[in-house]
Amino acid sequence: MLRVESLTKRFEGLVAVQDLNFEIIKGEILAIIGPNGAGKSTVFNLITGTLPPTSGNVFIHEQDITGLKPYKIASKGVARTFQTTSLFDQLRVIDNLMIAYKWRTRLGFWNTLLHTRTWKTDQAEAYKHSMETLEFLGLAEKSDQFVPVLSQEEQKRLAMGIALVSQPKILLLDEPTGGLIQEETDRITDLINKIRDHGTTVCIIEHKMQMIMGMADRIVVLNYGKKIAEGTPDHVKSDQAVITAYLGGEVK
Ligand SMILES: Nc1ncnc2c1ncn2[C@@H]1O[C@H](COP(=O)(O)OP(=O)(O)OP(=O)(O)O)[C@@H](O)[C@H]1O
C-alpha cells in the first residue's frame with residue numbers, strides 16, 4: 001500500500017535515516033520502534049512530505065509521491081498525528097474537527113472565509129463528518145467543550161480524530177500514548193484497534209513495548225537510522241541485534 005525505497009535523510013553531518021526499505025501493508029498495524037534518536041519521526045516527516053529526502057523514494061499504490069507537498073500527500077489518503085498535540089485551545093472540540101475537515105477536503109478554506117453560496121451546505125457536511133468522528137472517538141458529549149478542559153487522554157483522542165476526520169486510508173501515529181498512564185494507554189490501544197477494524201491501515205511509532213508487542217502485526221526496528229530488524233513481535237523480541245540496541249536489556 002505504501003512503500004519506502006532506499007530512503008535516506010542527512011542533516012549536515014548526521015545521517016538520520018539511511019537506505020531504509022519497508023512496506024506498510026493494507027489492513028495491518030505496523031509499528032516502528034527504536035531507541036531515542038533512531039530516526040522514527042524523521043521517517044514520518046519524509047513520508048508525509050514535511051521533509052524532502054536526501055535520496056530514495058516513497059510510493060503509495062505504486063505511485064511515486066516523493067517530494068510532493070504535504071497537502072498533496074494528504075489528499076492521497078495519508079494522515080498523521082504529532083508527538084505533541086496540535087489543537088486549537090481557543091476553539092471548541094467540534095470546531096477543531098470542522099477546520100481539519102475543511103482543510104483536507106474540497107471544501108477548502110476560501111469557502112469558509114468568503115461564505116460562498118455553497119458555504120451553508122459545506123458547513124452542514126463538515127459538521128456531520130465531525131460529529132460522526134466524535135461519536136467514533138467516544139467524545140460526542142464533549143463537542144461544545146473547549147480543548148483545555150479535556151483530559152490529556154481526550155486531547156490525544158481528539159488529535160487522532162483530526163487526522164481521521166477526512167477518512168484517510170493510512171494513519172500515521174507518532175507516540176499516541178506519550179505521557180499517559182497504563183489505564184489510558186489501554187483505552188487508546190482499544191481505539192487504535194477499532195480504527196484498524198474500520199478499514200484504516202495504521203503505522204505507529206511507540207516506545208511502550210508491552211503495548212506494541214500486543215497490538216502490532218509487524219514491527220520495523222530502527223537504530224541510528226538503519227533498519228536492524230523486521231517481522232512479527234515474537235520474531236523481533238528474540239532478535240539479537242534488537243536486544244543489543246536496547247542496551248542489552250530485555251525487549252518486553
Ligand atoms: N530538522 C532536523 N535538523 C537536524 N537534525 C534533526 C532534525 N530532525 C531530526 N534530527 C536528528 O535526526 C536524528 C533522528 O531524529 P528523530 O526525531 O527522527 O528520532 P526518533 O527516533 O523519532 O527519536 P525519539 O524517539 O526521541 O522521538 C536525531 O539525531 C535528531 O537530532
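**Close-up 1. Helix H1 gives the largest share of the shell around the ligand.** In this predicted model, three residues of the shell come from H1. Altogether, 13 residues surround the ligand, and the closest are Gly 37, Lys 40, Ser 41, Thr 42 and His 207. Sort the shell by residue type and you get five nonpolar, seven polar and one charged.

**Close-up 2. Polar side-chain atoms of Lys 40, Thr 42 and His 207 sit by oxygen atoms of the ligand.** For Thr 42, the distance from a polar side-chain atom to a ligand oxygen is 2.5 Å. Lys 40 has a polar side-chain atom 2.7 Å from an oxygen atom of the ligand. With His 207, the gap between a polar side-chain atom and a ligand oxygen comes to 2.9 Å. On its own the ligand has 640 Å² of accessible area, and the protein covers 61% of that. Two elements each give two or more residues to the shell: strand S2 (14-24) and helix H1 (40-48).

**Close-up 3. Helix H6 covers residues 152-164.**

**Close-up 4. Helix H6 is largely enclosed by the rest of the structure.** Among the buried residues of H6 are Glu 153, Glu 154, Lys 156 and Arg 157. The buried list also includes Leu 158, Ala 159, Met 160 and Gly 161, and it runs on through Ile 162 and Ala 163 to Leu 164.

Technical notes:
Residues are numbered from 1 along each chain as its sequence is written. This is a predicted model: local features need pLDDT of at least 70, side-chain atom pairs count only at pLDDT 80 or more; totals for chains, interfaces and linings use all residues. Side-chain values use heavy atoms; hydrogens and water are left out. A residue is near a molecule or strand if one of its heavy atoms lies within 4 Å of it. A polar contact is a pair of N or O atoms within 3.5 Å; within protein, one must be able to donate a hydrogen and the other to accept it, and residues adjacent in sequence count only if both atoms are side-chain atoms. Accessible areas come from the Shrake-Rupley method with a 1.4 Å probe; for residues, only the protein chains shown count as cover. Helices (H or I, at least four residues) and strands (E, at least two) are DSSP runs, numbered from the N terminus. Ala, Val, Leu, Ile, Met, Phe, Trp, Tyr, Cys and Pro count as nonpolar, Asp, Glu, Lys and Arg as charged, and the others, Gly among them, as polar. The expected span of a helix is 1.5 Å times one less than its number of residues. Buried means under 20% relative accessible area, exposed over 50%, partly exposed in between (1.4 Å probe, protein chains only).
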